Each structure stands twice: as structure tokens, then as C-alpha cells.
Amino acid sequence: MLSTQALASASARHPWRTIGAWVAVFVLAIVAIVALLGGSLTTEGAPTNNPESQRALDAQERAFPPDPGTTVTDIVVVRSDEHTVDSPQFESFVRELVGRSDTAALAQARTYLDDPEASLVSEDRHATIVPIGIVDEDETEAVIAAVEQADESPAFAVAVTGDETLDHDFNLLSQEDLENGELRFGLPAALIVLLLVFGAVVAGLVPLLMASVSIVVALGLTALLAQPFELSIFVVNMLTGMGLALGIDYSLFVVSRYREERTRGREQLDAIAASGLTASRAVLFSGTVFVVAMLGMLIVPSSIMRSLAVGAILVGIVSVVAALTLLPAVLGLLGDRVNALKIPFVGRRILESSSAEGRFWGAIVRGVLRRPAVSLALSVGVLVAAALPILGMSIGTGGVSNLPDRFVSKQGFLALERDFPGTTADPAEVVVDGGASREDVSGALERLRATLAADPRLGSGEILRSADGDLAVLSIPVAGDPSSPAAIAAVRELRTETVPQAFEGTGAEVLVGGTSSENIDYFDSVIDPAPFVIALVLVLTFLFLTAV
């Protein structure tokens, strides 16, 4: 088996071959990213254990196939402080909004002009809602563009909110977080720290180079994996953040050790070999333990968690390989020029002290060796104190109310709450799958609707029956953000208590779906396997470290 020392020495002796191979891989990764990654990632988290919310959705879609004319995924809110819905100006504006649209969702939408009896007009008659069905997620941007164009009218305010627009905004927020967090803040901050640590510009840039290469290559691999498997858009954030951390961390090990060995008088190739024997070996073990730890996330039955694990594992593996091969090749090519462009005033002093023991850390080590039992007790106490807040941790997920106000779905949500407080684009769906036409089942469904109408957290719902009468859906409005703790608690009670009591003795299969129900299943899928994930990670890590 090729040792890390032999690998580092071989890479340093043939730097151009090694760097050339990495350049080829880098170019292929960019091609894969440009050609494949863009439309391959999803903002939705698909469960992999077929939970209740998924079974309810599948039953609904079998009975009521998605159709822009009947399906409701989002709601457009039109308001005018100047005109009422009865005025010719308001009627003309709504007709133009839906009549001239080239999107199926708006063109086939039902308005208060088509159905005056429906509850599509606000109490003050200055606003109306237009329920729309975006069955093709590629149409979301066109709908948002049409709404934003209509909102430019001085006499009318137009907004939209719902499942598809919320997914669009979360995707956009993910991209903004990546640009602002990792790229605009993370990279400059890391560079400043590296310059202060190494005291030289070239040495400070080398870890960033390793991190950048690792991120791009791992993204290319992600683009390939995203073709046969569904991966979450958040894999990019995880991969980029971990790539920066690991790439910089591993490079710090190797470059620091190389500089120490050169300061002690070793020849260049000997210094690289010594770094490969020690620092590179530590990188290999550290990276392997990291990958093993991330494997535990793969047993969580959620595509989001598995996507995050895939991103971390890929960038972890690539970062280790880069540190073992590309980094020694770069050091072999640069040699002592890695210390070029020293930082004024501090650069020379940092370089001269690179092989000396630090006074601060040396004192800590000597203190620990003198009193190991006391040191152990203190360190464990600090770690336990830092871990105590987990006992009061509240599990939740981001919803529309958590978005900044600049996002279109948040603006639509606020407009909907203002003018139509009892209306939602994300109702809880009680699905009676099979035997819905039986008298006892139908009576139980009606009694359930009457019971929920008196619950301020929910409300009066509408019952929709399939053509054969075998399936019925009771759509119940959920007050506020369907991802809020209050909504989650209300729907959890609906699933575990209210529905079973209402249908007791009927023998009917009743499922509760909708966004809140999906969030409940997501929480359970993450929390329930947590002890097994922790146990698996601890056992695998212990076995690996024992073998090492």
C-alpha cells in the first residue's frame, strides 16, 4: 500500500504531471457543473420512508391529477385602496392580469368575475384573491414576473404566495447565502487569518487554492450524482462551507510542517517527505474520520439530510486527495518561494519562529502533563457545559414567515394575512382513501369539518370527492405560517387525536397531508433515527481509530 510519505514524495518529484492531472480534472468538473448542475437540484425535501403526508399526497394525485385549472398551489392577491372590486377599473385590471398572461397558471385561473359566489373578495371589497395552480415549477419565474409587472400599476398592489413561489424564494435565498456568506465574507476573512498565520502572501494563498480546487471538483462530482439521484439545492451550501473549512485546515497542517522542516535545515524534497509522513498522515486519518461521521447522515430517511451528507462526503474525500497529492506538488514547484511576499513588520518574525515551540501552547501542554486528572475534569466540564443547551433545543424548519420581507412569497403572505386572514395556500388535507361514499364515513367527515370549524388554529374546510366517490378530501385552512410551531402543534393534534376519534369504528383509512403534515414527518424522520446515527458514528469512528 502506498504510504502518505511516498505519495507526497512522488507528487513533489513530478509536480507538473501531478498539477496537469488536477488541471484536467478541474476543467472536466467545470464542464459538468455548467452542463448538468443548474437544473438538477431541487428545493423540495422528499421523504424516503413513505410517511403519512406522502401517502396522502399520492392518493390525492391519483384521484385529482395536477391541472392548472383545478389545482391550487399559490394565491395571487390583488388590492386597490382607490377602487373596489365592483368598479370597472378593478374588473378590467383583473381581466387583463389573467387574460393576457402567457402562463397556464394565470390564464386558466378562476376569479371572482367567473364565480361571484366564491369567497374570493375581502370584507372591505378592496381586494380579491386569484387561486392558481403552478404544476410545472419552471413556470414559477414567469408567474412572478407577471405579478411584479402588474404590481407596477399605481392604483393596484399585486402579490403572490404559495408552495411554488416559496420554493423559488428559498432557492434564491440559498444562492444569496452562498454568495454573501462563503464567497463575500468567508473567503476574505479566511485570507486575512491565513496571512496573519503564515506572514506571507503566497503561503496564505496556497490553502485557499486547495479549498477552491476541492470545492469545484466536488461540485462536478455532485453534478454527476444529481442525474440518477435527487439532491437538494442546499448540498451546494454544505459542500462550499465544508470545502473551505477542510481545504484550509488540511493545507495548514502540511504547509506549516513543511516550513518547520525547512527551517530546521532539511532539503526541500526531504522536508516534503517528512510532511507527508506526519502531517499528511494526520490529514488522511482526520479526513477518513470525517467521512465516516458523515456516513451516519445517510440513514436518515430524508433527501435533504442525505444530500447534505453526500456534499460533505464528496468534498471531504476530494480535500484529502488534494492535500496528499496536489499540495506536495505545489510545494515541490514553489519550494522556498512559498514564503514570498512577506507581510511587512510581522512576516519575518513569524517565519523565524515557525520551528520554535509557542510559549502559550507550551505552557498549556506542560500544565496538562503536570496535572492530567485536573485537566481532564476541567475539559470535560467545559464540554458538558457547552452541550447543555441541547436539552432545551427547539426543532423547527424555515417557513415563509422566516423569509426577509424583500422576497415575493413573503410579501404575498403578508398581503394574504391582511386581507384574507382565514385563507391559505397550504391547507391541511384530510384524505379518506377508500369507502368515502359510505354513510358512516361520510357522516364522520362532516362531523370532523364541524369540529374543526370551531378551532381558531384551523377553520371551516371544504370537501372534495373523486368522480367514483371512493376518495374524499377535506381541505382545512391552517392559521398563519404552516411551518410555524403553532401550526405544527395544531396539525399534529389533528393527526394523532382529532381524526382518529372522528373516524373511530368506521374502518376507513384516513391520512393527513399538506405542508404542516410534511414538516411533522420531516421532524420525525430526523429526530427518531438520531440515537442510531450517533451510535453508528461513534462505533465506526472508534473502530477506525483503534485500527489506526
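**Reading contacts, a sheet and a pocket**

User: Which residues does valine 201 touch, not counting residues up to four places away in sequence?

Analyst: Valine 201 touches Leu195, Ala340, Leu341 and Ile343 once those sequence neighbours are set aside. Keep in mind that this is a predicted model. Valine 201 belongs to helix α8.

User: How should I class valine 201: buried, partly exposed or exposed?

Analyst: The class follows from relative accessible area: under 20% is buried, over 50% is exposed, and partly exposed is in between. Valine 201 has a relative accessible area of 27%, so valine 201 is partly exposed.

User: How far apart are the C-alpha atoms of valine 201 and aspartate 481?

Analyst: They are separated by 49 Å, and the two residues are 280 residues apart along the chain. The protein has 20 helices and 9 strands. Of its 548 residues, 47% count as buried.

User: What share of the contacts with a separation of 6 or more comes from residues 24 or more positions apart?

Analyst: Such residues account for 76% of those contacts in the protein.

User: Now a sheet. In what order do the strands of the open sheet of 3 strands lie?

Analyst: The general idea is that strands of a sheet pair through backbone hydrogen bonds, either parallel or antiparallel. Here the order is β3-β2-β4, and the pairing is antiparallel. β3 (127-132) and β4 (157-162) each have a single partner strand and stand at the edges, so one side of each is left without a neighbour in the sheet. From one strand to the next, the twist averages 20°.

User: Over how many bridges do β2 and β3 pair?

Analyst: Strand β2, residues 74-79, pairs with β3 over 6 bridges in the antiparallel sense. In this pairing, valine 76 stands opposite valine 130 in β3.

User: Which residues point one way from β3, and which the other way?

Analyst: In a regular strand the side chains alternate between the two faces of the sheet. From β3, Ala127, Ile129 and Pro131 point one way, while Thr128, Val130 and Ile132 point the other way. All of them are buried, and β3 is accordingly described as mostly covered, with 6 of its 6 residues buried.

User: What lies across β2, β3 and β4?

Analyst: Helix α6 lies across these strands and runs at about 155° to β4. Threonine 140 has its place in α6. With a relative accessible area of 3%, threonine 140 is buried. Leaving aside neighbours within four places in sequence, threonine 140 is in contact with Ile134, Glu164, Thr165 and His168.

User: Which residues lie nearest the centre of the second largest pocket?

Analyst: Gly38, Leu41, Asn171, Gln175 and Ile233 lie nearest its centre, out of 31 residues in the lining. The elements that give two or more residues to this lining are α2 (15-37), β1 (41-42), α6 (140-150), α7 (163-198), α8 (201-225) and α9 (235-263). Helix α7 gives the most, with 10 residues. The second largest pocket holds about 820 Å³ of space.

User: How many nonpolar, polar and charged residues are in that lining?

Analyst: The lining of the second largest pocket has 13 nonpolar, 13 polar and 5 charged residues.

User: Last, backbone angles. What is the phi of asparagine 50?

Analyst: Most residues other than glycine have a negative phi. Asparagine 50 is not a glycine, yet has a positive phi of about 50°. Asparagine 50 sits in the loop between β1 and α3 (52-63). Its relative accessible area is 42%, so asparagine 50 is partly exposed.

User: Where does arginine 125 lie?

Analyst: Arginine 125 lies in the loop between α5 (104-107) and β3. Phi of arginine 125 is near 60°, again a positive value in a residue other than glycine. Arginine 125 counts as partly exposed, at 37% relative accessibility.

Note on methods:
Residues numbered from 1 in each chain as written. Predicted model: local features only at pLDDT ≥ 70, side-chain atom pairs only at ≥ 80, totals over all residues. Heavy atoms only, no water. 1 Å grid on protein atoms, 1.4 Å probe; cavity = no way out; pocket = protein on both sides within 12 Å on 5 of 7 lines; lining within 4 Å. Points joined across faces, edges and corners; volume = space filled by probe spheres on them. Helix = DSSP H or I, 4+ residues; strand = E, 2+ residues; numbered from the N terminus. Nonpolar A, V, L, I, M, F, W, Y, C, P; charged D, E, K, R; others polar. Pairing = 2+ DSSP bridges. Axes fitted to C-alpha atoms, helices over the stretch in contact; angles between N-to-C directions. Contact = heavy atoms within 4.5 Å. Buried < 20%, exposed > 50% of the residue type's maximum accessible area, 1.4 Å probe, protein only.
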